[in-house]
Each structure stands twice: as structure tokens, then as C-alpha cells.
Amino acid sequence: MSHISKAPLERVTIPVLQRWKVEGRRIVMTTAYDAVTARIADPVVDIILVGDSVGNVCLGFDNTLPVSVAMMNHHLEAVSRTRPRALLVADMPFLSFHLSIEKTIRNAGGFLQRGAAAVKLEGGATRIEMVRALVDCEIPVMGHLGLTPQSVNVMGGFKVQGRKADDALRLLDDAHRLQEAGCFALVLEGIPAELAARARESLTIPTIGIGAGPSCSGQVLVFHDALGLTEGHRPKFVRAYADGFQLLQEALSRWAGDVRNGAFPSPQESYRLSDELRDTIATWTPSNRS
Ligand code: KIV
């Protein structure tokens with residue numbers, strides 16, 4: 001019996017997410033960075049995010065700051081070619097929505113032209129002007145507040161946010177400003193559960209939590225974290241549903257062992273010549289070349 005918890009086959013759009021928020025139905029989001037991860041995720045989740053986490057998860061960077069629009073385009077195109085039924089959201093990388101309204105619109109518009117249905121960007125009050133400009137161009141925007149990885153240098157590390165009164169109140173205020181500016185959903189990352197609960201109760205748009213407790217309208221985990229494919233420190237909000245790294249390495253090492261001991265490939269895994277051609281090549285020598 002299959003244990004695959006599949007999402008209903010309905011194509012996920014922004015109005016569908018709004019309906020689910022009203023119905024109280026929880027939203028499931030994960031990341032994908034290529035066609036393989038997109039094909040695994042699409043029948044299971046509601047939103048696929050081509051996250052700038054591609055930088056640290058797949059490209060070997062220490063954080064997301066080196067990720068460029070060109071890198072995001074490359075990964076988005078790979079995911080987009082699979083034509084997912086889940087809502088496809090592209091992350092705006094560092095410096096792609098800071099320099100001018102025109103550059104912000106061009107970068108985000110380029111993502112939509114490559115198949116994304118929406119973009120996500122990090123930040124609160126300081127980003128409202130850009131959010132409004134994107135929404136005015138019919139580019140749907142998902143906000144992202146709390147532990148925003150692009151602010152790692154300001155935060156002094158990847159630390160839980162909103163623990164002090166003024167930070168908590170600022171976050172609630174930012175959440176409402178983003179909603180008023182037209183965001184269709186918000187990611188809340190690395191904040192106390194009570195603060196996320198208050199945001200969810202007071203907003204009309206869905207909130208999607210990561211390290212923000214159980215009260216959000218939905219949850220997101222990075223694909224490679226959920227499947228145990230990432231090495232090193234694992235924050236406490238990451239529940240790995242497989243030891244993917246170990247599982248895949250063991251399988252690969254069985255193949256390597258079979259190569260080394262001659263068990264791979266078997267006759268069934270090999271192509272054969274006709275008897276006639278076998279005789280012809282058996283009499284061939286380098287000296288009788290025509
Ligand atoms: O880039 C990313 O993967 C993200 C999620 C953690 C929300 O922003």
C-alpha cells in the first residue's frame with residue numbers, strides 16, 4: 001500500500017489559497033531547485049518555492065547572499081519545465097529588489113515570464129514601496145518576515161526574532177503593512193509560536209510558518225531538510241522524514257561495490273551483437289583494417 005499523502009489534483013492558484021484560508025485548510029509548501037525535486041514534490045505539496053536557499057543547500061555557499069538573479073533564473077527554468085500544478089513561487093535574491101523600482105519589476109517580471117506565478121521577498125516596512133510597485137504590475141507577492149536569512153549580518157547570525165516587545169510589535173505591524181500593500185501570503189520564519197499565532201489571527205491573508213510554531217495557516221520546510229539530505233547543524237524546527245543522505249549514499253556504495261567486484265553490469269544489463277557480427281569482429285585485428 002502506498003503511504004504517499006498526495007495533494008488534491010486541483011491546480012493551486014492564489015484565489016484557491018485564499019479560499020483555503022477561509023476554510024481553515026492547512027497549506028503545505030516546500031522548495032524545489034530542479035526538475036527532479038519538482039517532480040517529487042508536485043503531487044504532494046500545494047506551493048513549490050524556488051528558494052534562494054538553493055545557495056546554501058545546493059551551491060555550497062555559507063548563506064543566501066551570493067545568489068544572483070541569473071542563478072535563480074537557471075533553477076526556476078528547470079522547475080518550471082515540469083509544469084507543476086502546485087503554485088510556483090520564485091524567491092527574489094539579495095539585491096534584486098533593493099536598487100530601484102524598475103530593476104525590481106524587471107527581475108520579478110522575468111521570473112513570471114519563466115513560469116513563476118508569484119515572487120517572494122524578504123523584509124517589512126522598508127520594502128513596502130517595492131511590494132506596491134510589483135502588485136501594481138500584476139505580480140503577486142508573498143512577504144517574508146522574522147528570521148530573514150538575507151539579513152544575517154544585521155541579525156548577527158541565524159537567530160530567532162521577535163522575542164523582545166518592540167521587535168514583536170514591529171513584526172505584527174510589518175505583517176499588516178505587507179497585507180495592506182497587497183501581499184497574498186506571508187512566510188513567518190524563526191519567531192515564537194505565540195507571535196505567529198497572533199499574526200495569523202489578525203491577518204486575512206494566509207501565513208506559512210517555518211520555525212514559527214503550529215498556528216500558521218501552513219508550513220514550509222526546505223525539501224533537502226525534510227528528507228535528511230542536508231549535513232551539519234539542524235535547527236530544532238526541522239523534522240527530517242527520511243535519512244536521505246545515508247539512504248542514497250548506501251545505495252550508491254552498493255553500486256560502486258558491484259562495479260569493483262565485477263557484479264555490475266550483468267548480461268541482462270548489456271547489449272548483444274548478432275551471431276554473424278560476433279564472428280566478424282572475432283577475426284578483426286588492427287593489422288587487417290581496410
Ligand atoms: O529560500 C527558502 O528556502 C526560503 C524558505 C525557507 C521559506 O525562503
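This is a predicted model: local features need pLDDT of at least 70, side-chain atom pairs count only at pLDDT 80 or more; totals for chains, interfaces and linings use all residues.
Let's begin with the strands. Strands of a sheet pair through backbone hydrogen bonds, in either a parallel or an antiparallel way. If you find Lys-120, you can follow it to its bridge partner in β5, Met-142.

Now turn to the helices. Two packed helices are described by the angle between their axes and the distance between those axes. For helix α6 (residues 128–136) and helix α8 (residues 165–181), the axes come within 9 Å and cross at roughly 25 degrees. Angles under 35 degrees count as roughly parallel, so α6 is roughly parallel to α8. Their crossing is right-handed. On the α6 side, Ile-128, Val-131, Arg-132 and Val-135 meet Arg-177, Leu-178 and Ala-181 of α8. Sorted by class, this contact has 5 nonpolar, 2 charged and no polar residues.

Finally, consider the charged side chains. Side chains of opposite charge can pair when their charged atoms come close. The whole structure holds 11 salt bridges, and one of them links the side chains of Asp-42 and Arg-85 at 3.7 Å, N to O. Asp-42 sits in the loop between α2 (35–41) and β2 (47–50), while Arg-85 sits in the loop between α4 (69–80) and β3 (87–91), so this pair ties together parts that are 43 residues apart in sequence.

Key: Residues are numbered from 1 along each chain as its sequence is written. Side-chain values use heavy atoms; hydrogens and water are left out. Axes are lines fitted to C-alpha atoms, for helices over the stretch in contact, and angles run from 0 to 180 degrees between N-to-C directions. Helices (H or I, at least four residues) and strands (E, at least two) are DSSP runs, numbered from the N terminus. Angles under 35 degrees count as roughly parallel, over 145 as roughly antiparallel, 65 to 115 as roughly perpendicular and the rest as oblique. A crossing is left-handed if the near helix is turned anticlockwise from the far one by less than a right angle, and right-handed if clockwise. Contact means heavy atoms within 4.5 Å. Ala, Val, Leu, Ile, Met, Phe, Trp, Tyr, Cys and Pro count as nonpolar, Asp, Glu, Lys and Arg as charged, and the others, Gly among them, as polar. Two strands pair if DSSP finds at least two bridges between them. A salt bridge is a side-chain nitrogen of Lys or Arg within 4 Å of a carboxyl oxygen of Asp or Glu.
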